[in-house]
Amino acid sequence: MSKFEDLSSLPVSEFEKKIAEYWDHIDLLGKSISMREGKDRFVFYEGPPTANGKPGIHHVISRTLKDAVCRYKTMQGYQVKRKAGWDTHGLPVEIEVEKELKLSSKQEIEEYGIEKFNEKCRESVFRYEGLWREMTKRMGYLIDLDNPYITLDNDYIETVWWILDRFNKEGLIYEGHKILPYCTRCGTGLASHEVAQGYEEIKTVTVYVKVKRKDADEYFLIWTTTPWTLAANVALTVNPDMTYVKVRHNEEIIWIEKTLTPKVLDGHFEILEELKGKELEGIEYEQIMPFVKAENPDKNSFIITTADYVTAEEGTGIVHTAPAFGEDDYQTGLRYNLEVLQPVDENGRYTSTPWKGMFVMDADIEILKWLYEEGKLYKKESLNHNYPHCWRCKTPLLYYAKPSWYIEITKLKDKLIENNNGVEWYPDFVGKGRFGNWLENLKDWAISRSRYWGTPLNIWICDCGHKESIGSRKELVERAIEDIDESIELHRPYVDDIHLKCEKCGGTMTRVPDVIDCWFDSGSMPFAQIHYPFENEDVFEENFPADFICEGIDQTRGWFYSLLAISTFITGKSPYKRVLVNDLILDKEGKKMSKSRGNTVDPFELFEDYGADILRWYLLYVSPAWAPTKFDIEGLKEVDSKFYRTLKNVYYFFKLYANTDKLDPTEFFIEYDDRSRLDRWLLSKYNNLLKTVIKYMDQYDLTGAVRAIQVFVDEDLSNWYIRRSRRRFWASELDTDKKSVYNTTYEVLTGLSRMIAPFVPFIAEELYQKLTGEESVHLADYPQADESLIDNGLEEKMDLVRSLVTLGRSVREEHDIKVRQPIQKVIVDGKYEDLISDLIPLLKEELNVKEVVFTKDLAKYMDFQLKPNFQVVGPVLRDKMKLFVPALAGLDAMEIKEKVENGQNFYVNLDGEEFEVKPELVNVNIVDKEGFAVAMDNGLFIILDTTLNQELIN
């Protein structure tokens with residue numbers, strides 16, 4: 001190579017587009033896979049996003065992490081296939097279509113027509129696919145978008161049916177009538193892992209209500225955060241072991257838990273009687289609201305019940321119980337054979353009461369007015385608390401006793417926990433803590449949804465009660481009464497029209513009208529993405545389990561869970577070996593980004609202004625993936641300055657002199673032992689850096705890796721090596737030293753271009769091609785550290801000199817002595833003389849000093865003062881603090897300094913009492929002596945002789 005070319009002068013966004021087009025042209029992804037044929041596989045699963053929503057900055061961080069790991073493992077020699085996926089079912093799609101069609105209820109959808117509605121859903125699911133493709137290409141995310149798995153495909157659904165059929169045939173699918181968190185807007189229940197994603201803080205009016213005892217002029221005082229449920233009340237529940245008191249208060253007799261009495265009752269009260277909760281069991285009271293009649297003679301109502309879940313932490317210790325609206329209430333109702341009063345329809349509106357037709361939560365104020373007018377309201381309070389909302393449409397959830405289909409996943413709980421314990425989580429506290437705790441408290445999976453656009457639940461039921469599931473299209477064709485073939489569309493309403501003959505009674509079986517939780521779709525992807533087990537059995541074995549997956553922290557109860565649950569059942573194994581979790585991206589103030597706050601950032605604008613490389617590097621650099629990222633544009637500018645431009649400037653410097661000298665460093669080689677100490681230091685630094693980066697990458701700590709690289713590029717390579725080597729490049733004679741600096745700079749630059757390729761793929765590609773002329777850095781091997789070039793002793797010496805130079809320059813700046821002004825001498829701790837004596841010329845040059853003096857007699861140049869660390873020692877000594885100051889002043893400061901630096905304790909006498917002083921209780925301050933200036937950092941110091949005579953000034 002006769003000439004090293006200039007780096008691109010195009011605007012960064014155009015330059016990166018040009019590189020991305022080049023990758024498409026050479027089929028980089030295909031080549032990176034085919035060239036590793038026969039090598040060990042590194043299996044990656046892509047979590048499927050939904051393409052009916054626009055991609056945002058949070059997608060950039062997760063895709064940067066995925067891309068960096070996959071590129072790194074490819075360069076390490078693994079074959080890494082990367083199949084994209086699309087999540088195309090579920091409420092997000094339906095809600096968007098409802099908005100377009102101006103539909104607001106399930107009734108309106110059915111009037112519009114399920115077939116037409118689902119066709120609109122199918123049309124909408126790839127609305128923003130173009131944007132997703134553009135973002136993927138712009139940011140350099142190398143993944144196969146042309147052959148993705150798609151959850152709406154018949155093949156995909158058929159595999160999902162096969163999995164559900166397996167669950168059913170194992171007896172793990174059942175219909176239950178449990179209390180279910182229910183979205184009235186979407187008309188469907190939610191699984192527990194969905195509920196966990198939708199909590200929002202709301203302001204609630206809570207009420208204390210007086211409930212009249214039936215056989216006496218006494219009142220039970222209750223407290224509730226949901227006044228709208230009072231119309232369905234059938235019991236009051238107390239803790240059997242807690243103490244309750246009857247008190248006289250405001251001329252009324254009131255029952256309340258004893259310890260809560262002074263907190264709840266306003267003013268004076270007199271205790272008349274004490275009882276344990278179990279002694280109140282069975283007492284009857286008058287119905288709170290007489291709007292819904294309890295008319296079943298075989299059921300109990302309006303009695304006091306007992307339960308251990310009642311606490312004295314808040315409220316009154318007497319819990320209002322409505323079995324229609326709460327799991328604890330429902331279970332109490334079963335134990336006491338309570339009647340269930342249900343005055344609310346599926347739209348969350350009252351069907352009776354004076355507030356008929358009103359959404360229940362909107363009726364709270366009217367209910368408070370009614371309670372006040374009836375003399376039943378004791379008092380009201382406002383409370384801010386977290387309440388579950390639908391994670392899709394943000395509607396507050398209501399808890400209903402509704403029928404739903406469940407997977408009895410709790411039977412697999414122990415195996416799920418065992419499998420999760422075998423997974424490497426990054427960070428560990430998410431997998432073993434957050435996710436592990438979730439599994440410990442596992443509940444059965446509410447799998448059915450009373451909706452339209454989704455994988456249909458493949459269960460058919462006969463009037464005789466017989467239930468069957470279908471596991472394939474072939475079986476459906478064979479069992480169907482209607483004349484169909486295997487091209488049948490596996491969506492509603494087409495499968496709704498198919499019936500089976502009942503094997504028990506000969507009757508007609510009809511499909512359950514529900515669709516399934518779309519998390520089940522995405523959790524089936526290890527199997528469904530290749531239509532297993534109907535084909536590709538060998539492919540499945542080669543690609544299960546995944547070596548690596550990566551998604552946001554919200555997926556701990558979403559995709560991570562559904563993957564684990566399904567694969568544990570089907571294979572007995574976890575579907576993934578390693579999970580990297582990324583947290584939220586916040587604004588620079590640490591607030592969540594939202595359109596309403598106006599603090600969102602557009603990734604496409606950032607690509608345009610700064611380029612994908614800088615954005616990728618910044619997102620990795622600013623904070624570990626698993627910590628919230630406070631996004632600040634100033635941080636992008638700093639990355640641009642300290643890393644991106646610095647790296648390019650080093651290349652430009654090298655290119656300028658190599659072209660001027662018409663040199664190609666690959667045409668000669670100076671043995672490492674013959675190179676200068678500076679070269680050997682840089683090569684040692686580079687190889688230690690490489691070991692560090694590989695260690696971080698193998699721990700999935702990409703932040704540690706990029707931070708180490710940036711320090712090397714900015715401080716070691718540019719600010720020390722290149723700066724110290726300028727004269728060597730300028731030298732007129734092509735001697736060994738000049739060849740050495742070219743060899744070393746070239747080797748480090750080419751190594752760096754490969755080292756940074758997973759993180760900043762565009763600039764790495766350009767640097768590598770300009771330096772080597774090869775096809776792509778992403779088809780090259782990742783560099784390996786050469787242990788023979790590591791000299792830790794040399795690094796220690798050079799780094800010590802650099803630290804002394806930094807301290808010396810800071811002292812010059814502080815005393816306004818410019819670097820070009822020579823000074824007579826600097827004084828360095830004598831203990832370093834043997835280590836760095838051979839580097840004295842370098843120290844002299846960097847600090848522009850005539851003489852370097854090593855000394856062990858520091859007292860000649862500076863004094864030490866011992867001062868209390870008031871913040872720490874103050875609370876310990878209190879009144880004796882005034883004795884501590886003079887006691888310290890009377891000690892040998894130099895001797896105490898040594899003890900403090902070595903972490904040793906010492907003693908002082910405080911008015912006849914020996915007090916043990918720990919190092920953290922004392923600050924050791926330096927006082928310069930006349931004519932000298934001292935700088936110290938972490939025990940390392942340098943002393944400058946600041947006296948300037950006329951000779952020095954001249």
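Tyr-149 and Tyr-156 are both buried. The model is predicted, and the values below are computed from it. The two tyrosines form a stacked aromatic pair, with 6.0 Å from centre to centre and 15° between the planes. The pair belongs to a count of 50 aromatic pairs.

A second stacked pair is that of Phe-548 and Tyr-700: the ring centres are 5.4 Å apart and the planes stand at 15°, which is under the 30 degrees required for stacking. Both Phe-548 and Tyr-700 are buried. Phe-548 is in the loop between helix 18 (537-542) and strand 25 (549-552), whereas Tyr-700 is in the loop between helix 23 (677-698) and helix 24; the pair therefore ties together parts that lie 152 residues apart in sequence.

| Stacked pair | Centre to centre | Angle between planes |
|---|---|---|
| Tyr-149 and Tyr-156 | 6.0 Å | 15° |
| Phe-548 and Tyr-700 | 5.4 Å | 15° |

Ring pairs also join residues into a cluster, made up of Phe-4, Phe-653, Phe-654, Tyr-657, Phe-729, Tyr-742 and Tyr-746.

Charged side chains meet rings as well. The charged end of Lys-210 sits over the ring of Tyr-219, at 5.7 Å from the ring centre. Arg-707 lies over the face of Tyr-621, with 5.6 Å to the centre of that ring.

Is Ser-522 buried or exposed? Its relative accessibility is 1%, so Ser-522 counts as buried; the cut-off for buried is under 20%. With neighbours within four places in sequence left aside, Ser-522 is in contact with Pro-48, Tyr-156, Trp-559, Ser-562 and Leu-563.

The last topic is a helix contact. How do helix 24 and helix 27 pack? Helix 24 (residues 702-730) and helix 27 (residues 792-814) have their axes 13 Å apart and pack at an angle of about 85°. That angle makes helix 24 roughly perpendicular to helix 27, because angles of 65 to 115 degrees are counted that way. On the side of helix 24, the residues in the contact are Glu-715, Asp-716, Trp-720 and Arg-723. They meet Met-798, Arg-802, Val-805 and Arg-809 in helix 27. By class, this contact between helix 24 and helix 27 comprises five charged residues, three nonpolar residues and no polar ones.

Conventions. Residues numbered from 1 in each chain as written. Predicted model: local features only at pLDDT ≥ 70, side-chain atom pairs only at ≥ 80, totals over all residues. Heavy atoms only, no water. Axes fitted to C-alpha atoms, helices over the stretch in contact; angles between N-to-C directions. Helix = DSSP H or I, 4+ residues; strand = E, 2+ residues; numbered from the N terminus. Parallel < 35°, antiparallel > 145°, perpendicular 65-115°, else oblique. Contact = heavy atoms within 4.5 Å. Nonpolar A, V, L, I, M, F, W, Y, C, P; charged D, E, K, R; others polar. Phe/Tyr/Trp six-rings, centres within 6.5 Å; stacked < 30°, edge-to-face > 60°. Buried < 20%, exposed > 50% of the residue type's maximum accessible area, 1.4 Å probe, protein only. Lys NZ or Arg CZ within 6 Å of the ring centre and 35° of its normal.
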